[in-house]
2 protein chains.
Amino acid sequence: MTTATFTNLVQSDLRRVEDLMRAQAAGHHPDLIAALEHLISAGGKRLRPTLTLLVGKMLGAEDEPLITLAAAVELLHTATLVHDDLIDGSLLRRGIPTLNASWSPAATVLTGDFMFARSADMAAQVGSIRVMRLFAGTLAIIVEGELAQMFDGPGFADRDAYYKRIYAKTASMFILATEGAAALAGVPEEMIQQARCFGHDLGIAYQIVDDILDFTGEQVKLGKPVGSDLRHGLITMPTLCYLEAHPDDADLQTVIAGGVLGNDAVEGLIERIRSSDAIAVAAGEARRFARSALDCLERLPVSEERMALRELANYIVERDF
Amino acid sequence: MTTATFTNLVQSDLRRVEDLMRAQAAGHHPDLIAALEHLISAGGKRLRPTLTLLVGKMLGAEDEPLITLAAAVELLHTATLVHDDLIDGSLLRRGIPTLNASWSPAATVLTGDFMFARSADMAAQVGSIRVMRLFAGTLAIIVEGELAQMFDGPGFADRDAYYKRIYAKTASMFILATEGAAALAGVPEEMIQQARCFGHDLGIAYQIVDDILDFTGEQVKLGKPVGSDLRHGLITMPTLCYLEAHPDDADLQTVIAGGVLGNDAVEGLIERIRSSDAIAVAAGEARRFARSALDCLERLPVSEERMALRELANYIVERDF
């Protein structure tokens with residue numbers, strides 16, 4: 001399945017979103033314009049602005065503030081990736097060089113800050129205090145999640161902590177996209193909460209699938225080695241599921257204890273997780289959240305946007321395992 | 001002159017501002033709470049929240065949103081210092097270790113981001129779209145100014161560029177403090193513009209004086225070597241004034257050309273600037289902006305807060321040269 005089916009309805013709006021993102025650097029230093037262009041062209045699936053646009057249109061939000069919010073959400077997402085890649089020292093993202101691969105840490109920090117500032121300004125332009133507070137709160141949740149991960153250190157194997165982490169890392173931004181769009185539409189609070197629930201559960205499902213793909217994907221497609229989370233001592237859903245079935249795997253216990261495995265031992269552990277039931281169990285967990293997301297969606301008005309959102313939810317859990 | 005005279009009116013409010021700043025880390029990770037506590041205790045003169053409080057009270061703003069705005073302004077200021085010190089590799093600020101002196105770059109970037117997020121949330125809590133846009137726009141101006149300085153590189157000797165840089169670095173935040181407070185008070189647009197003008201001119205005066213003190217201060221008080229800007233190739237007002245009177249100083253021309261001077265040559269150049277008329281000429285420039293700030297202030301209502309603001313403006317230009 002391609003992403004085309006569910007983006008059809010918002011194709012021209014998505015182009016306006018990208019134009020608006022690019023316009024944030026207009027009149028600024030040529031190097032800054034080039035950096036933003038590089039980051040925007042690197043693209044991605046634009047899931048977050050697509051969610052914003054579809055939820056907003058489904059609930060009757062006006063075009064212009066909706067497009068501004070969608071651009072704010074995607075620029076905020078891009079800004080967090082810029083600081084993330086710097087912090088992790090990542091040189092590639094989706095096979096394309098990261099900003100920190102060619103720029104100094106100082107310029108990379110400031111470019112991320114500039115994008116935070118421009119996305120905050122767009123969120124303010126939308127003209128809703130509620131959206132603005134949601135936006136600022138989301139940034140705080142994301143950053144605090146990264147700090148918690150840093151403080152917890154590698155090898156932290158705990159399901160609650162995992163869910164908290166992927167809420168902060170991914171679901172919070174999906175919530176900003178869906179709750180923000182609903183708030184903008186000015187629908188009753190109950191509907192805003194359904195939109196929020198849809199965004200939350202979809203975001204959790206999306207991140208679990210991402211964490212599965214880190215084990216089952218091909219290196220070429222991933223743009224990084226298979227099992228890279230585990231190689232960095234990060235315990236995600238597939239590893240948690242594997243741990244529950246094999247609590248006495250000595251290599252995994254070493255990782256959990258914060259130890260470092262030799263290369264052969266890491267490869268062996270990744271292979272055991274890949275070929276175990278843990279992948280299917282984790283996929284079941286992702287589908288459970290996707291179904292729960294669809295339950296929330298069902299309580300929102302029937303529309304072609306709702307059909308597209310249903311497709312989007314299915315696409316998210318049916319990506320190549 | 002101590003700061004006490006003009007802070008008398010807002011002493012208890014300033015304590016509430018600091019409490020609110022500290023509360024931003026409540027419930028978060030102990031290390032984050034400790035970091036924020038360290039940064040807030042490091043203190044400073046609290047000029048920006050004092051400006052916010054005095055302007056707001058002078059114009060009849062309500063206490064609670066005013067205190068929230070003052071805390072947002074000071075936390076934003078502190079956050080920019082955290083990223084600045086990281087970028088400059090500074091290990092001390094006001095004689096106290098910076099965050100990056102003991103924390104990893106990653107933790108420092110994220111702590112700064114967290115403070116941006118919390119200050120943005122406080123700005124949103126104030127409940128005014130105008131204040132929120134002013135806040136986001138200020139962050140963009142500050143960051144873009146730092147990027148421009150980085151792109152321009154050392155040795156850039158241009159009066160317009162200097163004014164643009166200190167507007168971005170300092171005056172923009174003073175404007176946020178004064179225009180934001182006036183906007184919150186809901187006074188007519190003309191008065192808001194006078195408050196903005198007051199903040200702008202006062203901010204420019206403040207930064208020129210800071211740049212003079214970098215030459216005339218004592219190392220112990222500065223917490224860094226005398227002439228540290230020039231040592232980093234940064235051309236500020238005293239150097240610009242010296243350059244106008246001594247266009248053929250060979251050492252200065254070397255700095256402007258981006259060259260690096262030996263230690264003796266730097267010390268000699270700093271000493272020539274210190275003992276030249278350039279200091280008095282630069283001080284005259286600062287006083288000119290302070291007078292212009294007072295002209296704007298005169299157009300705002302007579303009140304004890306206005307008297308305190310006049311004292312504050314005088315204090316800023318009469319600090320030890």
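Q: What makes a stretch of residues a helix or a strand here?
A: Helices are DSSP runs of H or I with at least four residues, strands are DSSP runs of E with at least two, and both are numbered from the N terminus. A148(A), for instance, is found in helix 8 (residues 129-152) of chain A. In total, the secondary structure of chain A comes to 17 helices and two strands.

Q: What kind of model is this, and how are its parts labelled?
A: This is a predicted model, in which local features need pLDDT of at least 70, side-chain atom pairs count only at pLDDT 80 or more, and totals for chains, interfaces and linings use all residues. Residues are numbered from 1 along each chain as its sequence is written, while chains are lettered from A and ligands numbered from 1 in the order in which they are written.

Q: Why is A148(A) called partly exposed?
A: A residue is buried if 20 or more other C-beta atoms, placed from the backbone, lie within 10 Å of its own, exposed if 12 or fewer do, and partly exposed in between. A148(A) has 18 C-beta neighbours inside 10 Å and therefore counts as partly exposed. The C-alpha atoms of A148(A) and K164(A) are 9.8 Å apart in space, with 16 residues of separation in sequence.

Q: Why is I166(B) called buried?
A: I166(B) has 22 other C-beta atoms within 10 Å, and is therefore buried. The residue belongs to helix 9 (residues 159-185) of chain B. The C-alpha atoms of I166(B) and S90(B) are separated by 20 Å, and the two are 76 residues apart along the chain.

Q: Which residues does I166(B) touch, not counting residues up to four places away in sequence?
A: Two residues are in contact if their C-beta atoms, placed from the backbone, lie within 7 Å. By this test I166(B) touches A171(B), I204(B) and Q207(B).

Q: How is R46(A) classed, and what marks its backbone?
A: R46(A) has 19 C-beta neighbours inside 10 Å, so it counts as partly exposed. Its phi is positive, about 55°, although R46(A) is not a glycine. R46(A) lies in the loop between helix 3 (30-42) and helix 4 (47-58) of chain A. In chain B, R46(B) likewise has a positive phi of about 55° and counts as partly exposed, with 19 C-beta neighbours inside 10 Å.

Q: Why is R94(A) called partly exposed?
A: R94(A) has 14 C-beta neighbours inside 10 Å, and for that reason counts as partly exposed. R94(A) sits in the loop between strand 1 (92-93) and strand 2 (96-97) of chain A.

Q: How do you know whether chain A agrees with a compact globule?
A: The radius of gyration is taken over C-alpha atoms, and the globule rule is 2.2 Å times the number of residues to the power 0.38. With 321 residues the rule gives a value near 20 Å; chain A has 20 Å, which agrees. The C-alpha trace of chain A spans about 55 × 45 × 35 Å along its principal axes, and 50% of the 321 residues of chain A count as buried.

Q: How do you know through which surface the copies meet?
A: 100% of the interface residues of chain B are also interface residues in chain A, so the copies meet through the same surface. The contact takes 36 residues from chain B and 36 residues from chain A.
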